[in-house]
Amino acid sequence: MNRLFLLLFVSFLLSNCANRIPRPTTAIAPVQVPTLPISTVQIPIAIESSKLSRLLEQQLPKPLTKGQTASFDLLVQGKAKRNVPKKWWHKLSDPVISWVNKNFAVKSVLFYEVDLSNLQLQFVGDQVIATADLAIESHLKLDRAVPFGNRIIQDNIPCPIAAQVTLGGTVSMDSIANLLIDLKEDKTNLIFKNICSNQSLDKNELPLILQSMTQPIQAALQQQINQVLTQQIRQVLVQNKQYLSFEKQLRLAAGQLNQSYLLQPDIWLQPNVEQLVIAPIVGSGEGANNKLHLQLGVEARPSIEINKSKPPEKKGKVKIVTKKVNSVSSVFVHGKIGLDTIGQQLQSYLKEYVDTYHSKHGYTIGKVVVYPNYNQAIVAVDLLRSKNQKYKGTFYLAGIPKYNSTTQKVYLDSLAFTSRTKSVLLKSAKWLLQPTVLKQLKANAQFAIGDQLRSIQQQLNAFRIEEDIGSLTGKFEVVDLAALFITAHHFELYLQAEGQLFFDLKTLE
């Protein structure tokens with residue numbers, strides 16, 4: 001009797017041996033998320049020189065300046081009369097000077113009022129050249145009346161003047177994203193087009209008497225207009241710095257780029273802005289096509305996340321730095337596969353397989369749970385009685401998550417029963433250890449994310465996201481796997497893509 005009881009007890013233990021398989025511990029290995037190289041979301045701002053020129057010209061006072069020169073000696077140099085074509089003198093000869101045979105040296109002051117028009121800025125590299133036309137309404141005031149032939153010229157002689165001014169300087173950006181145009185007084189030059197006449201100057205034909213007059217007038221005007229014009233334009237630039245400051249727009253762009261962008265359902269782009277970058281300014285183009293290119297950027301570590309809900313917005317003020325802007329951006333495609341989803345997929349496959357090919361053993365598959373054991377994935381499979389769905393025990397397999405870039409699948413490499421599971425199954429459910437069972441299990445322990453990755457790739461090939469302050473555009477190619485690991489609830493993988501990101505910021509109109 002005792003012998004029979006012992007045999008029954010041993011048989012009971014063997015029939016319930018799956019219950020006695022020790023459960024591998026749940027443990028998460030320290031996760032080392034790969035570090036993405038710093039990327040630059042380029043913010044290419046091109047300011048048309050013509051627009052900036054119009055802005056400055058509209059803000060300049062009218063008249064630009066008025067005043068008088070210091071007293072200077074005006075030499076009226078006589079010359080014997082001769083026949084001169086009437087066209088040379090027009091309004092000049094009658095009211096101002098007649099041919100005389102004497103020389104006169106008189107003190108004179110030029111009173112003037114200057115209007116500026118046709119201001120044009122041209123940017124070449126970091127240099128700026130400004131040109132403008134000057135119309136100078138002026139008259140000469142002499143310290144005494146001067147006799148010319150049989151007439152006496154009064155002391156106020158009309159002297160309309162036209163000139164073209166050229167100013168030179170540099171253009172740069174300061175540490176808080178203000179555009180600086182620094183015009184140099186010593187790089188300002190006046191070219192007189194006509195003096196005391198509406199006729200264009202041609203020094204080769206200019207009568208000697210006019211040459212003596214133009215030299216002191218040019219010298220007197222040159223110094224004062226240079227100084228005043230440079231100061232006036234500088235003042236206008238300061239007064240209109242809101243048009244030339246990009247800090248607010250940069251910070252708006254940074255704030256905008258710290259949001260998450262939905263590329264398509266469940267796929268989010270996160271730029272992850274870290275700091276703003278200002279690089280050297282470059283001007284290029286000829287004539288009306290001349291533009292000032294501001295090399296601005298936002299340094300970031302962008303990522304793509306597969307998630308049903310929108311990732312949280314990042315907040316906080318980012319600093320502005322000055323350095324060269326990189327033209328290449330990298331992005332992580334961050335994919336996740338839920339362990340519960342994997343468990344359901346394996347349970348569905350295993351149950352169908354066992355019920356189809358091994359139903360004679362009287363077992364079926366119950367719940368399948370996947371959980372981490374350091375760098376391994378543990379697959380816990382519940383075994384049930386087919387007739388009454390009674391739980392008979394749990395057996396365990398272990399594998400290492402890996403990624404196949406060709407098939408775009410995550411799979412469990414080296415998948416095998418744990419040693420304790422194997423030893424118990426040899427005694428109670430040896431059929432589970434058949435090579436065909438494990439082979440089929442390995443073949444189906446693969447979890448495709450190809451559809452999602454292909455969708456991401458299609459989106460990254462060329463995308464454009466419109467915002468009120470500008471538009472975000474980009475183009476990327478997925479290049480390589482950066483990392484794959486198992487966490488408490490997911491298989492997580494990071495693919496690295498390289499390309500370019502641009503934020504087209506709306507600027508002054």
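Let's start at Asn290, which touches Ile47, Glu48, Ser49, Leu121, Gln122, Phe123, Ser284 and Gly285, leaving aside residues up to four places away in sequence. Contact here means heavy atoms within 4.5 Å.

A word on the source. This is a predicted model, where local features need pLDDT of at least 70, side-chain atom pairs count only at pLDDT 80 or more, and totals for chains, interfaces and linings use all residues. Residues are numbered from 1 along each chain as its sequence is written, and side-chain values use heavy atoms, with hydrogens and water left out.

Back to Asn290. Where is it placed? In the loop between β15 (282-284) and β16 (291-300). Strands are DSSP runs of E, at least two residues; helices are runs of H or I, at least four; both are numbered from the N terminus. Buried or exposed? Asn290 is buried, at 0% relative accessible area. Buried means under 20%, with a 1.4 Å probe and protein chains only. The Asn290 side chain reaches two backbone oxygens: that of Gly285 at 2.9 Å, and that of Ser284 at 3.2 Å.

Now the sheet. Six strands form an open sheet, in the order β1-β20-β21-β22-β23-β24, with mixed pairing. Two strands pair if DSSP finds at least two bridges between them. β1 (27-28) and β24 (446-448) are the edges; each has a single partner strand, so one side of each lacks a neighbour in the sheet. Helix α6 (339-357) packs on this sheet, touching β20 (363-374), β21 (376-385) and β24.

Last, one pair. β22 (391-404) and β23 (409-417) run antiparallel, joined by 7 bridges. Tyr403 has Val410 in β23 as its bridge partner.

Definitions and conventions. Buried < 20%, exposed > 50% of the residue type's maximum accessible area, 1.4 Å probe, protein only. Polar contact = N/O pair within 3.5 Å; in protein donor to acceptor, adjacent residues only side chain to side chain. Axes fitted to C-alpha atoms, helices over the stretch in contact; angles between N-to-C directions.
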